[in-house]
Amino acid sequence: MTPQRVIAARASDRAMSAPFPLLRQIAPLRERTFDVLVIGGGIYGAWTAYDAALRGLSVALIEQDDWASGTSSASSKLIHGGLRYLEHYDFALVRHALGERRLLQRMAPHLVQPLEFVLPVWKGPRASMWQLSAGLHLYDLLGGFSQPVPRHRRYSAAALRQEYPYVDPERLLGGFRYGDCQEDDARMTLAVVAAAQGAGAWVASRVQALELLREDGTVCGARVHDRFGDARFELRARCVVNAAGPWAPALAGAAAPKVRRVKGTHLVLPAIPGCREAFLLTAQDGRVFFVIPWYGRTLVGTTEADVEAPSADPTDEETRYLLAGARSGLPGIEWTERDVLARFAGIRTLQAEDAADPSAITREFEVTQPEPGHLLPIGGKFTTARCDAIAVVDRVERALSRPHRAGATHRHPLPGCPETVETFPRWQQAMMPLLTRQGVDAESAQFLTQRHGQRIGRIGELLRENRAWAQRLVPEAPFIAAEAVLAVRDEMALSLTDVLRRRLPLALVAPPPRAALRAIAGLLAPELHRDPVEIIYEHDAAPA
């Protein structure tokens with residue numbers, strides 16, 4: 001049999017299945033040896049598993065907690081080129097990211113939405129108007145043609161103040177407006193995990209890798225703990241991709257490469273009335289940060305600080321730092337600590353460099369091989385994870401001495417994608433009345449189309465099952481009860497925290513009061529087959 005036919009035969013070991021519902025099947029993980037085990041259910045692990053499965057490799061993808069429960073649900077929620085990286089002359093990275101921005105928006109126009117940014121410019125030591133103009137021209141040029149956002153334009157100081165009167169007028173020279181894209185990072189990660197399952201990968205959350213298995217000096221799998229079923233077993237694979245992010249070095253042990261962990265904190269604040277644009281601002285210490293509209297609220301972030309631990313909570317100092325920066329650039333908003341609705345932090349694992357300023361550390365991606373059979377990715381960005389995963393799977397093929405097959409994730413739209421980018425606005429306008437006729441309010445209907453795309457048919461099925469599920473979980477946020485039920489039935493949500501923090505970002509945009517939590521627990525109890533009191537007790541004990 002030719003090598004190509006061997007690959008085809010292996011691909012048929014598991015028939016291609018539907019992306020949803022996500023199926024948590026543990027028995028196959030115990031019973032067979034996989035070509036590749038991917039450890040870590042963040043965006044890098046998800047894209048790696050998807051790419052490998054499309055190439056015909058047998059794939060197991062495991063995550064110790066919930067999908068995107070680490071850094072991949074704690075980002076700035078952007079698909080962007082990284083304008084600030086031009087300051088560090090990372091032209092190749094910016095061009096690469098802008099290419100991915102275009103591609104991802106075409107693969108998932110329901111998940112990746114164009115967003116315009118306002119960049120005010122004040123007189124001072126930072127870049128001047130002409131320097132920023134040159135940088136934005138370069139940003140547009142590096143993006144190439146057919147980008148999902150318009151090219152930048154320039155504002156005079158008077159025009160900027162007229163449109164955004166809360167911008168600081170002191171020493172204001174003018175500003176710019178440019179485009180990037182926005183997404184819900186946890187939802188995006190979940191879609192890629194589902195795509196991996198659809199391509200033939202076995203996927204399971206709540207399966208923790210305790211230690212790597214080694215035979216004759218080669219990594220050959222991992223001893224794992226099924227935390228949901230409370231069982232330990234050996235998961236065998238011919239190659240292991242350790243995509244556990246900040247947890248990866250600890251799992252690698254003495255063979256781990258040196259990395260630098262950088263913590264980024266974000267705040268969730270009320271919406272800026274009447275403003276649909278984001279802002280790129282500069283703090284007093286010269287670092288840039290974002291002010292971004294998101295689900296009817298505002299994200300402010302991020303900080304950058306070196307840390308040792310793989311996870312960390314936001315601090316009061318970081319909160320005051322971000323609020324001070326926002327008040328300095330937008331004094332007309334006057335946010336205080338009392339306005340903070342929620343805050344979250346994520347840890348990025350970057351190459352170990354000597355730069356004193358964490359923001360100056362390169363985001364360039366690298367695939368390391370600490371030992372035979374063990375690959376460990378370092379660096380990268382949420383935006384470039386798809387393309388970076390191709391490099392990981394290329395290395396997997398070499399480690400397995402397999403014939404090379406080109407990555408194909410770019411050829412397949414993500415689950416829920418309408419037919420084309422161009423038709424998405426028309427499709428969305430056609431779908432929203434169908435939802436409102438079933439009792440969904442207009443704002444929630446809009447977000448349903450953006451979060452689920454063509455999968456809103458499943459929402460319709462649930463609303464026919466119970467029309468009361470068209471109501472919001474809390475009045476302040478555009479998420480309905482049917483979405484919470486869908487999260488458990490189809491999206492492998494195993495706890496209240498999974499539902500409220502990642503399937504729906506309700507815990508961030510409108511943290512439910514106690515009475516609402518009890519009602520949501522009661523809604524989900526029959527779906528989770530658990531007692532509502534137990535569900536809330538577990539939620540209270542879970543990390544934020």
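1. A cut-off to start with: a residue is called exposed when its relative accessible area is over 50%, buried when that area is under 20%, and partly exposed in between. With this in hand, please keep in mind that you are looking at a predicted model. R171 has a relative accessibility of 55%, so this residue counts as exposed. Its place is the loop between helix 6 (157-163) and strand 6 (172-182). Have a look at its backbone too: phi of R171 is positive, near 60°, and the residue is not a glycine.

2. Is R206 buried or exposed? Its relative accessible area is 11%, and because the cut-off for buried is under 20%, R206 counts as buried.

3. Strand 8 (residues 207-215) and strand 9 (residues 218-226) run antiparallel and are joined by eight bridges. As background, most residues other than glycine have a negative phi, and most peptide bonds are trans.

4. On the peptide bonds, two deserve a check by eye. The bond from F20 to P21 is cis, with omega near 0°; P21 belongs to the loop between helix 1 (3-11) and helix 2 (27-31). The other cis bond joins G301 and T302, and here omega is about 20°. T302 is in the loop between strand 14 (297-301) and strand 15 (305-307).

5. Now for the overall fold. The chain holds 18 helices and 18 strands. Its radius of gyration is 23 Å, close to the 24 Å from the globule rule for 544 residues, so the chain is as compact as a globular protein of that length. The C-alpha trace spans about 70 × 55 × 45 Å along its principal axes.

6. Of the 544 residues, 59% count as buried. For contacts between residues at least 6 apart in sequence, 73% link residues at least 24 apart. The accessible surface amounts to about 21900 Å², and carbon and sulfur atoms account for 52% of that.

7. The chain carries 64 positive and 62 negative charges, and their mean positions are 3 Å apart.

Definitions and conventions:
Residues are numbered from 1 along each chain as its sequence is written. This is a predicted model: local features need pLDDT of at least 70, side-chain atom pairs count only at pLDDT 80 or more; totals for chains, interfaces and linings use all residues. Side-chain values use heavy atoms; hydrogens and water are left out. Helices (H or I, at least four residues) and strands (E, at least two) are DSSP runs, numbered from the N terminus. The radius of gyration is taken over C-alpha atoms; the globule rule is 2.2 Å times the number of residues to the power 0.38. Buried means under 20% relative accessible area, exposed over 50%, partly exposed in between (1.4 Å probe, protein chains only). Contact means heavy atoms within 4.5 Å. Accessible areas come from the Shrake-Rupley method with a 1.4 Å probe; for residues, only the protein chains shown count as cover. Lys and Arg count as positive and Asp and Glu as negative; His and the chain ends are not counted. The place of a charge is taken as NZ of Lys, CZ of Arg, CG of Asp or CD of Glu. Two strands pair if DSSP finds at least two bridges between them.
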